[in-house]
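Please look over the sequence and the structure shown below before reading on. The paragraphs that follow lead through them step by step.

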Amino acid sequence: MIPNKLVEMNNVTIQFGGLLAIDNVSIYAYEGEILTIIGPNGAGKTTLFNILSGVYQPTSGEIRLKGKLVKNLTPHALVKKGIARTFQNIRLFPMLTVLENVMLGHHCRNKEGLLGVLFHGRKVNEQRLKSINYCKQLLGVVGLENLLEELASNLPYGKQRLLEIARALATECDVLLLDEPAAGMNTQERIELVKLIRRISKEMNKSIILIEHDLDLVMDISDRIVVLDYGCKIAEGSPLAIQNDPKVIEAYIGSSDEEGDDYAVI
Ligand SMILES: Nc1ncnc2c1ncn2[C@@H]1O[C@H](COP(=O)(O)OP(=O)(O)O)[C@@H](O)[C@H]1O
Ligand SMILES: [Mg+2]
């Protein structure tokens, strides 16, 4: 059976003034698939996420979710349609607890509303309880179940990234966009992260699109890889094919002078 394409971007271009940040790029991800986007800094990876999550509207091209065209939708509307993301620079509510942060992710799926999550009265009790249980369960998935009442700002960096993932999952998304989730994590945290991402993809059956610099992690976890360079897709394929692609090696070695030796490891 051919799996469904949960998300696809067809011939998308976005221009900022004179800069073609994304130039006629097409990508897709199947249900249960981990697609990783790699490329030197400034290649357009985050911009691609900003388009997929409705932060930017493309200059041309189309986006489809479960085969249906989505156009001119706000980030909030796209979350409701099933696209959730985490951010390269973590964006949590630092003065709310771990549990409250996840409940804010879930508010788009219940009738309680944003204010209800924060200022709850009697009326919403039953629904609130369900939501609390659901969010606790997700915190269990990411391994933060013992930190429910901790303020988000008190968590170490790696755990804040896991909390962002739990909050994104709480939107009940079909497609999860993870922008450099391993950044700032130590080796052990990275190993756990790989297991978690696999679990979300293969057990929860979501499409995951991942932006990641750690090439060992990328080669280990990806079902498929897309390589961006200067806004263009220069390669696409299995981890093995990508590692041996001369265009990819060229793009990385070409950028190593400016970026240090980060990419010379491919
Ligand atoms: N809102 C914007 N206005 C102007 N230029 C932008 C904007 N967003 C991104 N860019 C430019 O687009 C290019 C790609 O950026 P980005 O997607 O953040 O790269 P990456 O995530 O691959 O490092 C960069 O040259 C960046 O400066
Ligand atoms: Mg980026």
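In which strand is asparagine 24 found? Asparagine 24 belongs to strand 2, where strands (E, at least two residues) and helices (H or I, at least four) are DSSP runs numbered from the N terminus. Its phi is near 55 degrees, a positive value in a residue other than glycine. Asparagine 24 is partly exposed, because 14 other C-beta atoms lie within 10 Å; a residue counts as buried if 20 or more other C-beta atoms, placed from the backbone, lie within 10 Å of its own, as exposed if 12 or fewer do, and as partly exposed in between.

This is a predicted model, in which local features need pLDDT of at least 70 and side-chain atom pairs count only at pLDDT 80 or more, while totals for chains, interfaces and linings use all residues. Residues are numbered from 1 along each chain as its sequence is written, and chains are lettered from A and ligands numbered from 1 in the order in which they are written.

The protein has 10 helices and 10 strands, and buried residues make up 40% of its 266 residues.

Strand 1 (residues 5-16) is joined to strand 2 by 8 bridges, and valine 12 has valine 25 in strand 2 as its bridge partner. These two strands form a hairpin with 2 residues between them, and glycine 17 in the turn has a positive phi of about 60 degrees.

Strand 2 leads on to the ligand. Strand 2 (19-30) and helix 1 (45-52) each supply at least two residues of the shell around ligand 1, and helix 1 gives the most, with 3 residues. Among the residues surrounding ligand 1 are Phe16, Leu19, Ala21, Lys45, Thr46 and Thr47, a residue being near a molecule or strand if its C-beta atom, placed from the backbone, lies within 6 Å of it.

How values were computed
Pairing = 2+ DSSP bridges.
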